[in-house]
Amino acid sequence: MREFQHDIAGDRVTVHVPETAEDLQEFWEWLYRARERGPVALDTETTGLDIFSPGYRLRTVQFGDAFDAWVLPYERGGYFASYARDAIRRCRQVLIHNAPFDWLVLDRHAGIPLEDLAPWTTDTRILASLVDPRQPQEGGIGTGLKPLSAHWVDPAAPDTQAGLTAVFRSLGLTKETGWAGIPLTDPTFLLYAGLDVILTARLEPVLRRELRRLGVRDQLVTYEHELARICTVMMRTGLVLDVEYTRGLDGQLGDDAERYAAEAARYGVENVNSTAQLADAFAGMGENLTERTASGAVKVDKNVLLSLADMGLQWQPLGVRTPNPLALAVVKAKRAGKWRQSYTRTFLDTVDADGRCHPFINALQARTGRMSITRPALQTLPSSDAMIRRCLLADPGHVVISTDFSAVEMRVLAALADVKRMKLAIERGEDLHDFTARLVYGEGFTKTHRKLAKGVGLGKIYGGGAATISRQTGAPIEDVQRALKAYDRLYPEIRRASSRWQREAFQTGMVKISATGRRLPLDRDRTYAVTNYMCQSAARDVLGQSMIQMEDAGLLPYMRLPIHDEILASAPAREAEEIAREVERCMTWPLYGVPIVAEAEIGGRSWGSLYGADY
DNA sequence: CTTCTCACG
DNA sequence: ACGTACGTGAGAAGT
């Protein structure tokens with residue numbers, strides 16, 4: 001047995017590393033005593049983050065409480081691995097920091113189904129997010145184990161990640177190769193692996209106490225754990241990648257990027273992504289660029305480039321000026337380069353041996369609670385052109401089903417602010433923006449009127465002013481100002497609720513969402529954002545509640561992605577119609593009496609088929 | 001590491 | 001009194 005000592009918060013703690021069968025017996029005896037006393041903290045060390053790539057290895061499994069940690073060298077196999085697996089199965093209450101990652105690792109590489117482990121897990125990252133969801137850049141503690149431990153457990157808690165990076169370097173390894181290459185005998189590696197579970201064990205009671213002090217409901221904690229589990233099942237399932245099509249598209253985008261970059265080079269622009277070079281080149285061509293960025297530099301973004309190229313936002317020719325050939329080449333080169341780099345490359349980099357991509361879904365990421373998806377960022381694929389979404393497919397024999405809520409943030413606002421006339425219109429099943437336009441401009445309202453009403457409605461939700469709404473909608477500012485006044489007369493409850501929410505939030509710097517009891521941090525110099533936080537957060541929980549209802553209805557095997565106000569699913573073609581109706585049913589329910597409704601669209605084999613692709 | 005840009009809801 | 005668009009992830013350039 002190897003043992004390492006360390007001091008945490010004034011206590012001497014011990015990290016044990018079993019080396020023999022007798023050592024494992026000792027571990028076993030500790031485990032039985034520990035699980036009688038309370039929850040056992042659990043963690044894994046692996047070769048990296050790409051859980052689904054070939055050659056991925058589970059290296060160690062750690063168990064611990066507030067004073068002792070045991071690092072089992074799983075990679076050695078034999079009884080080290082079987083003791084680790086059995087120990088996990090014997091634990092009843094388990095504490096994990098960022099559980100979805102370890103659930104997936106243990107599911108895929110240790111044969112422990114996440115369905116078995118998840119019900120017994122408390123994720124300290126979820127607890128921390130519910131205390132304060134802010135990242136360090138936003139002035140929060142963050143949700144990493146290190147900053148949380150430093151804040152709640154011991155200011156001198158070691159930065160195990162940074163410490164290991166230094167060890168990696170001393171061994172001639174890098175941040176990327178270190179996790180796979182470091183010997184399992186390395187003392188720093190073993191010590192830090194052990195300390196992580198000890199810190200997790202110490203974090204949990206502190207965060208629980210803090211949640212109680214803040215009045216956060218247990219129900220919310222349970223609900224977040226259910227959502228995390230549902231999202232982890234979706235990650236495990238992943239989406240089929242049309243590898244052949246994606247390779248073809250990747251090559252084509254690469255060729256396009258190269259061709260248009262060469263065109264730009266003829267005008268002296270070596271790098272189409274350099275705004276400085278572009279500004280110089282356009283100045284040399286006699287173009288007068290007037291817009292500036294926040295820091296005072298010449299603004300050269302897509303809007304500027306498209307107007308120089310005499311094109312509208314959808315790339316349609318406008319015919320108001322002579323198109324600048326450099327601008328045209330640059331927008332084309334940039335788009336092709338970005339779409340290749342951000343999408344097709346990432347698809348091909350992350351696809352597993354079975355041809356599936358497993359994005360990382362963070363069920364509780366934004367400060368409003370919104371979910372996010374990374375590697376690849378599947379919530380942000382282009383929707384104006386189907387070519388990128390065309391890469392992702394429903395399962396063999398399946399079709400894609402996209403079901404989205406109808407104007408969910410407007411409905412949520414009507415519910416939370418008790419907006420009488422809006423609620424009436426929703427109950428009658430009217431289109432909200434039509435309804436507003438009719439009340440303001442009469443029966444003969446035009447498309448422009450509706451667009452303005454929609455812009456103002458959205459502006460209300462975002463907390464925008466007349467100038468921004470005017471810029472976004474393209475409507476004259478006087479029209480917007482009039483429409484805003486009319487809007488406030490029609491729906492006076494919105495302004496009243498907004499003022500009340502701002503007043504309440506200013507006291508504590510926290511927004512409290514009535515429906516869930518969730519607390520959101522609000523910057524005191526941006527109290528106008530409170531309406532948006534209310535709507536965005538409540539809408540996120542409308543999605544979350546619907547996802548739970550979908551699981552209850554047996555739909556989890558079909559669920560693929562949560563996209564803010566939409567659920568993407570894959571379902572057998574023959575049952576698609578029936579499943580689509582079931583999904584709609586799960587996403588349709590009243591929020592404080594306001595009907596939330598959703599509509600399903602059934603596509604073909606590829607996700608792109610819902611955006612105009614013919615497959 | 002910050003800034004700018006661009007993709008989404 | 002007035003006015004403030006919200007939330008993300010990702011890549012590239014530049015400091």
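I take two strands as paired if DSSP finds at least two bridges between them. Helices (H or I, at least four residues) and strands (E, at least two) are DSSP runs, numbered from the N terminus. The model is predicted, so I keep its limits in view: local features need pLDDT of at least 70, side-chain atom pairs count only at pLDDT 80 or more, and totals for chains, interfaces and linings use all residues. Residues are numbered from 1 along each chain as its sequence is written, chains are lettered from A and ligands numbered from 1 in the order in which they are written, and side-chain values use heavy atoms, without hydrogens and water.

**Sheet.** I looked up strand β13 (residues 398–405) and found five bridges to β20, antiparallel. Asp404 sits opposite Glu599 of β20. Both strands belong to an open, antiparallel sheet of four, ordered β16-β17-β13-β20. I noted β16 (559–562) and β20 (598–602) as its edges, each pairing on one side only.

**Helix.** I found α23 (residues 576–586) lying across β13, β17 (566–572) and β20, at about 160° to β20. Contact means heavy atoms within 4.5 Å; axes are lines fitted to C-alpha atoms, for helices over the stretch in contact, and angles run from 0 to 180 degrees between N-to-C directions.

**Backbone.** Most residues other than glycine have a negative phi, and most peptide bonds are trans. I logged the bond from Arg375 to Pro376 as cis, omega near -5°; Pro376 is in the loop between β11 (372–374) and β12 (392–393). Trp315, not a glycine, has a positive phi of about 70°, and I place Trp315 in the loop between α13 (302–308) and α14 (325–350).
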